[in-house]
Amino acid sequence: MTSDNLHVVVADDDAMARLGYKTILECAGHKVLVAQDGEEATRMVEKGGVDVLLLDIIMPRKEGLETLLDLKRRFPQLVVVVMSAGGIRTEFDFLSVAVKLGADRTLHKPFGQQELIALVGEFKPRAQTGH
């Protein structure tokens, strides 16, 4: 891994999506851990060393917006990219709400692998940013 490679946590309740995002980001040289919900993602972030959290909104147990609020309050330097395809009530814009709650960036599902790689590549490892 080069100095630009990131430690990424992918939190999504869809097992196939987790595997897909993990594979894409690992092929781009990043170290990737996966979480099936916000509770698991929170535990991973609390252990330290996470540069970027890719966070789905609609998940069981601890959903994405709750996780975003909790982690940004406690770890303001953590980069959080919120992902969503919408939800049951499609007129509600989850991604706009996520930005207002502190998300650094958003991704509307479905998105392409090049879009994911480019977005994650915009960020630097914490050691290079001084956090």
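1. In this predicted model, strand 1 (residues 7–11) and strand 2 (residues 31–35) run parallel and are joined by five bridges. Within this pairing, Val8 stands opposite Val32 of strand 2. Taken together with helix 1, the two strands make up a β-α-β unit that is right-handed.

2. The ring centres of Tyr21 and Phe111 lie 5.2 Å apart and the ring planes meet at 20°, which is under the 30 degrees required, so the pair is classed as stacked. The pair links distant parts of the chain, since Tyr21 belongs to helix 1 (residues 15–27) whereas Phe111 sits in the loop between strand 5 (105–108) and helix 5 (113–121), 90 residues apart. Tyr21 counts as buried because its relative accessibility is 12%, and Phe111 counts as buried because its relative accessibility is 15%.

3. Turning to charged side chains, the count of salt bridges comes to eleven. One of them is formed by Asp37 and Arg61, whose closest N and O atoms are 2.6 Å apart. What is the relative accessible area of Asp37? The value is 2%, and Asp37 is therefore buried, whereas Arg61, at 55% relative accessibility, counts as exposed.

4. A further salt bridge is the one between Arg74 and Glu46, with 2.9 Å between the closest N and O atoms. Because Arg74 lies in helix 3 and Glu46 in helix 2, the pair ties together parts that are 28 residues apart in sequence. Arg74 has a relative accessible area of 32% and is therefore partly exposed, and Glu46, with a relative accessible area of 41%, is likewise partly exposed.

5. Lys62 forms a salt bridge with Asp70, and here the closest N and O atoms are 2.7 Å apart. Lys62 is buried, because its relative accessible area is 12%, and Asp70 counts as buried at a relative accessibility of 15%.

How values were computed:
Residues are numbered from 1 along each chain as its sequence is written. This is a predicted model: local features need pLDDT of at least 70, side-chain atom pairs count only at pLDDT 80 or more; totals for chains, interfaces and linings use all residues. Side-chain values use heavy atoms; hydrogens and water are left out. Rings of Phe, Tyr and Trp (its six-membered ring) pair if their centres lie within 6.5 Å; planes under 30 degrees apart count as stacked, over 60 as edge-to-face and the rest as tilted. Helices (H or I, at least four residues) and strands (E, at least two) are DSSP runs, numbered from the N terminus. Buried means under 20% relative accessible area, exposed over 50%, partly exposed in between (1.4 Å probe, protein chains only). Two strands pair if DSSP finds at least two bridges between them. A crossover is right-handed if, with the strands pointing away from the viewer, the path from the first strand over the helix to the second runs clockwise. A salt bridge is a side-chain nitrogen of Lys or Arg within 4 Å of a carboxyl oxygen of Asp or Glu.
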